[in-house]
Amino acid sequence: THTHSHPHTHTLTHTRSHTDIISTVEFNYSGELLATGDKGGRVVIFQHEQESKNRPHLRGEYNVYSTFQSHEPEFDYLKSLEIEEKINKIRWLPQQNAAHFLLSTNDKTIKLWKISERDKRAEGYNLKDEDGRLRDPFRITSLRVPVLMPMDLMVEASPRRIFANAHTYHINSISVNSDHETYLSADDLRINLWHLEITDRSFNIVDIKPANMEELTEVITAAECHPHQCNVFVYSSSKGTIRLCDMRAAALCDRHSKFFEEPEDPSSRSFFSEIISSISDVKFSHSGRYMMTRDYLSVKVWDLNMENRPVETYQVHEYLRSKLCSLYENDCIFDKFECCWNGGDSAIMTGSYNNFFRMFDRNTRRDITLEASRESSKPRATLKPRKVSTGGKRKKDEISVDSLDFNKKILHTAWHPKDNVIAVAATNNLYIFQDKIN
Amino acid sequence: RDSELGRTRMGTGSHCTEIQDTVISPEKAEEAKLKARYPNLGNKPGGSDLLRKRLQKGQKYFDSGDYNMAKAKIKNKQLPTAAPEKTEITGDHIPTPQDLPQRKPSLVASKLAG
């Protein structure tokens, strides 16, 4: 069996580039569809093609299925505020019928999109001819019943709900509840609970805005619903803490049920400590027993039953600790990396700089660094592990820390819910890697 | 060349002095570097200034009066560009017409799908 941290047998499917930077990547529940959102407000959905008969040793590829403009740039004249069209997050709804539904959000507005297929067209209308021109009603002497005829497959996306005007601050997360009826949206200071059918109302369930903004000490950075317990959700903060809340306990969940924080050695505290402890992403494991958090230098796995420290800590790029001054000056220290679990919760993945991404096997404790770039890998080739040299002597094929390109950041990655297929967004390119089947 | 090692001389009573190596953590060394470059940097790093700047992302304070004043100034002379400061809070800087980004039209199709 293959462990995920030893991808000697990966193949690469490379797709063409966006004109804009990819800002979110998400598989749907079956893994058949992969959605990307970009800085230009567009959503592109890829579909997994069935394995071809010619090449049965390869899984099918992902090809473009649908593309649409989800959000447009806006200007709030009252507050003199520019609202970017950048898609911050996409979350799929579980599939209940032939159509697919997803939520997409920018800083202010969440939209529910329906993606449906049309492969039949009605022909033989009475009031209009085949071109669509209206027929003269006085010339119609008989009635006919329109007939459904097959046509080339058309995939249509239509906005079914628009959830607007509920967030004063910038939305960083949306998460569909396991009840499949509600979802939460979180901005820097508040979290709202919505019903998917109702757009003119939402419940505020967390509000950490202080009465006096001068007293502001932390903001909400991410939030997620528990995968099975529909009353439970978590949110992370810029101070490196996670709060678990129970919606059965109170209508307003300002008081947490559990508080997760790793104790810090006060003597090691520096100017950068709080900034690098800020959690950029929080994800429950599929089992619902663990959650994972990403801060600037590491990924931590927490057992929901243990609040005082994580059960596992993985260093993503510890060599950056001695570069924090420059990373603060070029703002890279504020980069928000995401993280994800594989389907079986045995491996985790997160991105880094220089188009590197890291995978950790929780069982063997082995890790690997790979690169997502056209220069380093040809399609159908196996990925070669990469190494950053930290000591004085740099070995051949290693890259020194000072040679890393900090403009090539991998912030968004996604793992197929069942298979060994991963999607990696490198600025405006999307890479899909899969295990070769022996 | 930055070194992680600092050396201090420590006296031990009336006898000969000892030279002891102390290791400064890489993080603290970086902090010292930053404070050397920006002596005015506030002492509350994760504090309200940084957070409030984050909350105000996208805010362009202007009204038509400021806008027209700034436009008139540009015609007469070049405005000096403000040096980027880490402690600057949005709202103290009045944007000029040059500073406001052009509102770009949304692209119809993604090349990825093309």
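**Aromatic rings in chain A**

Tutor: In this model A:F357 and A:F433 are both buried, a term that stands for under 20% relative accessible area, with exposed meaning over 50% and partly exposed in between (1.4 Å probe, protein chains only). The model is predicted, so local features need pLDDT of at least 70 and side-chain atom pairs count only at pLDDT 80 or more, while totals for chains, interfaces and linings use all residues. Residues are numbered from 1 along each chain as its sequence is written, chains are lettered from A and ligands numbered from 1 in the order in which they are written, and side-chain values use heavy atoms, leaving out hydrogens and water.

Student: Why is the pair of A:Y183 and A:W194 called stacked?

Tutor: Rings of Phe, Tyr and Trp (its six-membered ring) pair if their centres lie within 6.5 Å, and planes under 30 degrees apart count as stacked, over 60 as edge-to-face and the rest as tilted. The centres of A:Y183 and A:W194 are 6.1 Å apart with 5 degrees between the planes, so the pair is stacked.

Student: What makes A:W194 count as buried?

Tutor: The relative accessibility of A:W194 is 2%, which is under 20%, and therefore A:W194 is buried.

Student: What makes A:K128 a charge over the ring of A:Y125?

Tutor: The rule asks for NZ of Lys or CZ of Arg within 6 Å of the ring centre and within 35 degrees of the ring normal. A:K128 lies over the face of A:Y125 at 4.7 Å from the ring centre.
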